[in-house]
Amino acid sequence: MSDQIASLSKKGEKVLSFGEILLRICPDMDGQWLKENKLPFYVGGAELNVATALALWNVPSAYLSAVPDNSVTREIIDHLNAKNVDTSPMVFHGERLGLYYLPKGKDLKNAGVIYDRANSAYADLKVGQIDWEKVFDGVTWFHFSAICPAINQSIADVCLEALKVASKKNIVISLDLNYRAKLWKYGKEPIDILPQLARYCTLIMGNVWAANKMLGTALHEDLKQAEGYAKDTLLAQATATSQEILNLFPACKAVANTFRFDHGKGIRYYTAIYNENQLTVSEEYVSDEILDKVGSGDCFMAGLIYGFYNHLPVKQTLNFATAAAYDKLYIPSDATISSVADIEKRIINHD
């Protein structure tokens, strides 16, 4: 693994994830939920999915969000504590918890997602409200995603505030470039916000299209229009995109890319990571049918953090993260419930 990241990541110290805690409501889309008065839901949020995975994999994991102080949120916090997620940094203020509606099996980029997050406790966070010096005590890694600054300018400013303190403390910083078109509604485009945040990040994860849209990296014309791209073409673009990110943002030491394509009712899935002037490519997974796409990318991010944190070789880290992400496609919730042993078994069976 990249010595530059591994040397900064100290085992025994915490990984802190920052983002909005959400309730995901899952109507079945055929009206049956109305007839039966049953509406399944899951506790989630991209960064929380990372935090719970790490806790499950015995990496000391903390989570910071903002929630109203009521009986429902207290039960949710107790639930997270029971999963060994340290919620002590949590901010209690405001009036409401963010929600979103998405049927099972659908992708968050699908047009059917409905967000109900305006004026949530998290969305109302302000610069100066969080004592980041205190929050970062005993933290070796800070993780956030591009969903955070998509909410409003205030949260984008809070993210920048956190990154400046984390950087001064030599904390490893990871960023997931997950793009949610329905969230960028406050007059700014991702390219207006993300570059100033990315300059503090040690590890950036996403795909070549997200990097183009959010960081302004070059994208070959053929990849803007056509579908059914050749794997060699995509890996060449991943290398070029990664090199450009490393040149644009000198603090960044590694760039990871995921490639997930529909395959009938299932998917084709593989990943790559570029660090120390080399592109490492994962095994490829192909499935004819899956259960739930939500949280797969979060699981991949958690797998990368797990590998860096434990100073694993780059190939081993990438294959673990990829298998964890693929495994999540068969779990009907936002976060993984698979142990390290479960994921390692999937790797062995795939080989």
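Modeller: Helices (H or I, at least four residues) and strands (E, at least two) are DSSP runs numbered from the N terminus, and two strands pair if DSSP finds at least two bridges between them. The model is a predicted one, in which local features need pLDDT of at least 70 and side-chain atom pairs count only at pLDDT 80 or more, while totals for chains, interfaces and linings use all residues. Residues are numbered from 1 along each chain as its sequence is written, and side-chain values use heavy atoms, with hydrogens and water left out.

Biologist: Which residue in the hairpin of β14 and β15 takes a positive phi?

Modeller: Strand β15 (residues 278–281) pairs with β14 in the antiparallel sense over four bridges, and Asn275 has Gln278 of β15 as its bridge partner. Two residues lie between the strands of this hairpin, and the one with a positive phi near 50 degrees is Glu276.

Biologist: Which residue of β16 stands opposite Arg268?

Modeller: On one hand, β14 is joined by ten bridges to the antiparallel strand β13 (residues 254–263), where Phe261 is paired with Arg268. On the other hand, three bridges join β14 to strand β16 (residues 285–287), again antiparallel. In β16, the residue opposite Arg268 is Val286.

Biologist: How many of the ten residues of β14 are buried?

Modeller: Buried means under 20% relative accessible area, exposed means over 50%, and partly exposed lies in between, with a 1.4 Å probe and protein chains only. Strand β14 covers residues 266–275 and is mostly covered, since the number of its ten residues that are buried is nine.

Biologist: Is Ser282 buried or exposed?

Modeller: Ser282 sits in the loop between β15 and β16. Taking contact as heavy atoms within 4.5 Å, and leaving out residues up to four places away in sequence, Ser282 touches Tyr270, Thr271, Lys315, Leu318, Asn319 and Thr322. Because its relative accessibility is 6%, Ser282 counts as buried.

Biologist: Which strands stand at the edges of the open sheet of four strands?

Modeller: As a general point, strands of a sheet pair through backbone hydrogen bonds, either parallel or antiparallel. Here the four strands follow the order β3-β2-β8-β9, with mixed pairing. Two of them have a single partner strand each, so one side of each is left without a neighbour in the sheet, and these edge strands are β3 and β9.

Biologist: By how many degrees are neighbouring strands of this sheet turned against each other on average?

Modeller: Axes are lines fitted to C-alpha atoms, for helices over the stretch in contact, and angles run from 0 to 180 degrees between N-to-C directions. For neighbouring strands of this sheet, with direction ignored, the average turn is 20 degrees.

Biologist: Which residue of β12 is the bridge partner of Asp176?

Modeller: Strand β11 (residues 172–176) pairs with β12 in the parallel sense over three bridges. Within β12 (residues 203–206), Leu203 and Met205 point one way, Ile204 and Gly206 point the other way, and all are buried. The bridge partner of Asp176 is Met205.

Biologist: Which element gives the most to the lining of the second largest pocket?

Modeller: On a 1 Å grid over the protein atoms alone, a cavity is a set of points where a 1.4 Å probe fits but cannot get out, whereas a pocket is an open set with protein on both sides within 12 Å along at least five of seven lines, and lining residues have an atom within 4 Å of a point. Grid points are joined across faces, edges and corners, and a volume is the space filled by probe spheres set on the points. The second largest pocket has a volume of about 290 Å³, and of its 17 lining residues the closest to the centre are Val43, Thr52, His79, Lys83 and Ala335. At least two lining residues come from each of β3 (41–44), α3 (46–56) and α4 (71–82), and the element that gives the most, with five residues, is α3.

Biologist: Which element supplies the largest share of the lining of the largest cavity?

Modeller: The whole structure holds one cavity of 30 Å³ or more, and its lining consists of Gln153, Ala156, Asp157, Leu160, Ile193 and Gln196. Two or more of these residues come from each of α7 (153–168) and α8 (190–198). The largest share, four residues, comes from α7.
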